[in-house]
Each structure stands twice: as C-alpha cells, then as structure tokens.
Amino acid sequence: MRVTGDIDVAEECVQDAFSRALTVWPKTGIPRNTGAWLTTVARRRAIDVLRRESAQGRALVRLVEPEDSAIPNDVDLPGVPDDRLRLIFTCCHPALAMESQVALTLKLLCGLSTAEVARSFLVSESTMAARITRAKKKIKTSHIPFRLPETEDLPARVDAVLLVVHLVFTTGHTAPLGSDLMRRDLVDRSLDLARMLRALLPDNSEVAGLLALILLTDARHETRLGDDGTLLLLSEQDRSRWDRRAIDEGSGLIRDALAHRAAGPFVLMAAIAALHAEAPSWESTDWREIVELYDRLFAIWPSPVVALNRAVAIGLADGPEAGLSALTELTTDRQLLNYGYLASARADFLRRLGRHDEARAAYQEAIGSCENEIERAFLLSRLSALSD
Amino acid sequence: MSEYLVLIYESEAAWEKADEETSNRVMTGHNEFGAHNGAALRGGNALQPTMSATSLRRDSSGKLVVTDGAFAETKEALGGYYVIEAADLDEAIAIASQVPAEFGGVEVRPIRVFH
C-alpha cells in the first residue's frame, strides 16, 4: 500500500496475490510467513501495474519505495510491523466512517467478498458496495496516508482495528455463507493480526482481551462438528478435546488485563469465553456470572447483538420463560430484523417451554435467513424433531 | 504535497456574547497558530458575520435571485478559513487541530487540482 498510494490498484494487487498463492503454493509448498509472502507479491504486482498504467499515459500515482528485487520465501522480522498492519491502520483511519473502516479492511486485507462483508454488518449487498466505493474515494481524494500512525496517535487508532480483527474472527468462526461452518483462513488471519497487535501494543488491555477472546473461542474448534458433520452445541461438545494450551494462554491474558484497569468490551467478552472454557460441564457453567458480565458489556457497548447474547444468558440462568421475555423485547429492533440467531434463540426457548407451534414458526424464520449450510441442517433437524 | 482548506465553523451566537478577554485570547491563538505553522500556511482570512452575507441563486426560469443571509442556515456558520499545504491528511489534521475554534470546530477539505 505504501508503494502505490492508490487504493484500487492496491486492492487489485492484493486480490491478485491471493489468486497467485492458490496457484503457486500447491507446487512450492506454503511459505512459513504467508502474510509477508502475500504482501511482497502484492508489492511487485503494484509496481507492474503502475508501470503499465504510466506506459498508457494514465494518471501516475505516487511511488514511494523502490522495487524489492527478491521475493523472500521466509520473511520473519520480529519487531518490524507487517505491511498488513500498515494497511489495516490506513483502512481504519478515523477520517473514514467506522463502518467503512471495518468494511474496507475485510475486503482489502482479508479478501472477503462484498456479500460476506454485507452479512457481517447486517446490511444489503448494494448498500455495502456503495459504502466501500465511497470509502475508497475518500482515501484517494483526501490523501489518507498508507503508513502507521504517529506514536502518540497509535492507542486512539487501535479501537477500530480491534473491531475489525474481531469481525474477521467471527466471520471465520461461523462463515456467513456456504457449505463450511468455519473459514480457517479467516480465523488464522485474525489470530495473526491479534498477535501482531499484541506485540506492537503490549500495554493495551483491550488488545490482550481480543487475543484472549480469539484463543478461548477458537479452543473449541475441533469439537464444534459431530462425526457426521452436524453442528454440536456447547452443551454437547466433548470438553476434553478443547485446546488446553489456547485456553490457558487466553485466561492468562485477561487475568493480567483485568488486574490493570477498568475492563473494556474485549476483556469482558474474553472473560465470558473463559467462564465457558473453564467450566467442567455445560450444567456447571456459572450463568449468573455470565449474565453479570453481559450487563457490564451492554453498559459500555449497547449493541443489539450484545443484547441478544445477554437475553440468551438470562434464559440459561433464570429459565426459558425469562429468556423468552428478554428476547421478545428485541424483536422490534430493526437491526436484528434479518438476524437469524434471534429467531433460533426464540425457537429454542419456545421448544423448552413446550410451545411447539410457535417454536416451529421461529425455526422456519431462522432457516429462512440462514445461509450457512451446516447451521441450516442443524435448524432443520430441530424443526423435524418438533414435528414428531 | 496537497493543499487543504480548513474551514472554521463556529456559533455566531456564542461569539456575540464573547467578552473582550475571549476575543483577545482567540486572536492570540490565531497569531500563535500562524507563527507555528508558517511553512504550511498558504493563506487565510476571518469573515464578517453571516448577517453581512448575500446569497445569489438562479430560479427555475434562470432569473437571478439575490437574498439576504448565508447560503445555508446552520447553527455553526463559516467564520474564517486557512489554506494549508500538507503531505497527507494526517499532517493536515495535525495542523488543523491547532486552529482556535472554541465555539465550534473546523472542517478539512482537500483542494481540487485540475490537470
């Protein structure tokens, strides 16, 4: 990105590097530091494209750095921020609307399609396409720089980056579209980014919180599907197969973070994930404590999705009746209108209450807005179990 | 390097109530801003209040209509501007953040270049 100073050329090059990786890696093997490889390839492509453009007499964009002569197969420089980090700070510039920051980063850094980014934001694809176009135009016309922020601005610029990395993780953890439940590439990418931020900003408790949250949630990834490929709920998973090392690392990170200062949203979410990860069984989970953590989270981050999770936790602490009434308050929230998890949570509480007709309707609603095939299969199996 | 227009938007009502001490403080602020950023400054002026503004529009038949007042009525009105030169938006923001605007804020706009 420093090379081109032109977001569209840069995007083309990043996308191109991804497709080259797909054709080259099967032959040469995957480089140890895939991120560095991708950015090096993207940089060389940028120079190619710029040469082509200038040869055609088109508007020249800034060339800040000389060409790298060699493509190293294994670049690993501790302490030197990755080019992806530079790019993520550019995409997360405060002069861009927060929503555009996240959208742009997902598209440019992680190669998500516009449709996938749209789903992560609960907006339509055309709205998202317009948002991305607008953001790129602003970067170009205002000369938003492609470099790391000044040291004194760095902490203030981190919050938006954390949201981005978290969204990359959640998108990978449960893929919004398609036949796979997870997109391992996105999960790994978010983990890389979180570790990189942690190395860059070791004193930021929210960075620690995000890394912990990813580790603690991803520690369960081996047990989320049954042998037949169906979705297993937290209550059904084999906890002995959870990744102990990831859980210990994650729990350790937030212990430190909680000790240092008032807990921010990522520390609180990680604390919730740690309660799940450390509970010996579903039944012995401390739901009361989890509701309390969600209360604190909602107080500092009143988002409808947080409210939804809080309502579910209330149902597990106080019974399905209480959970259902907490969920019912949310059904008028326009942002949750097409959010399938609200319908599936209602369906589950209705099923437990024996209100099968209403549960059936809610499952059908959830199935209607679910585009992940594995989640869809799970909802269909719940629906058919009700019909018996 | 690019040029940016820094537009100073402030509440005129607040300015009307401001005492001499306030006016002096702001004037000193602008002088200090100029002294610190001389290398980047390309121009700038304070404007008379919007009560002195005259707006010109053409109606649907193309006839010129002259009206009293600012083009758009807003709580905060354009009261002055600077033209600055900066390497990029971060540098422009760093400079613009030093512009005194205690009754409002500033807007930073890249100046368009025609080739």
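Mentor: A polar contact is a pair of N or O atoms within 3.5 Å; within protein, one must be able to donate a hydrogen and the other to accept it. The model here is predicted.

Trainee: How many residue pairs are in polar contact across the interface of chain B and chain A?

Mentor: The rule takes pairs in which both residues have pLDDT 80 or more. Across the interface of chain B and chain A, the number of such pairs is five.

Trainee: Which element gives the most residues to the side of chain B that touches chain A?

Mentor: Two elements of chain B give two or more residues to that side, strand 1 (2-11) and helix 3 (89-96). With three residues, the one that gives the most is helix 3 of chain B.

Trainee: What is the area buried between chain B and chain A?

Mentor: Carbon and sulfur atoms give 52% of this area. On the side of chain B, the residues B:D88, B:L89 and B:D90 lose the most, together 64% of what that side buries. The area buried between the two chains is about 660 Å².

Trainee: Why is B:V108 called partly exposed?

Mentor: B:V108 lies in strand 6 (residues 104-110) of chain B. Buried means under 20% relative accessible area and exposed means over 50%. B:V108 falls in between, because its relative accessible area is 24%.

Conventions: Residues numbered from 1 in each chain as written. Chains lettered and ligands numbered in written order. Predicted model: local features only at pLDDT ≥ 70, side-chain atom pairs only at ≥ 80, totals over all residues. Heavy atoms only, no water. Buried area = accessible area lost by both parts, 1.4 Å probe. Polar contact = N/O pair within 3.5 Å; in protein donor to acceptor, adjacent residues only side chain to side chain. Helix = DSSP H or I, 4+ residues; strand = E, 2+ residues; numbered from the N terminus. Buried < 20%, exposed > 50% of the residue type's maximum accessible area, 1.4 Å probe, protein only.
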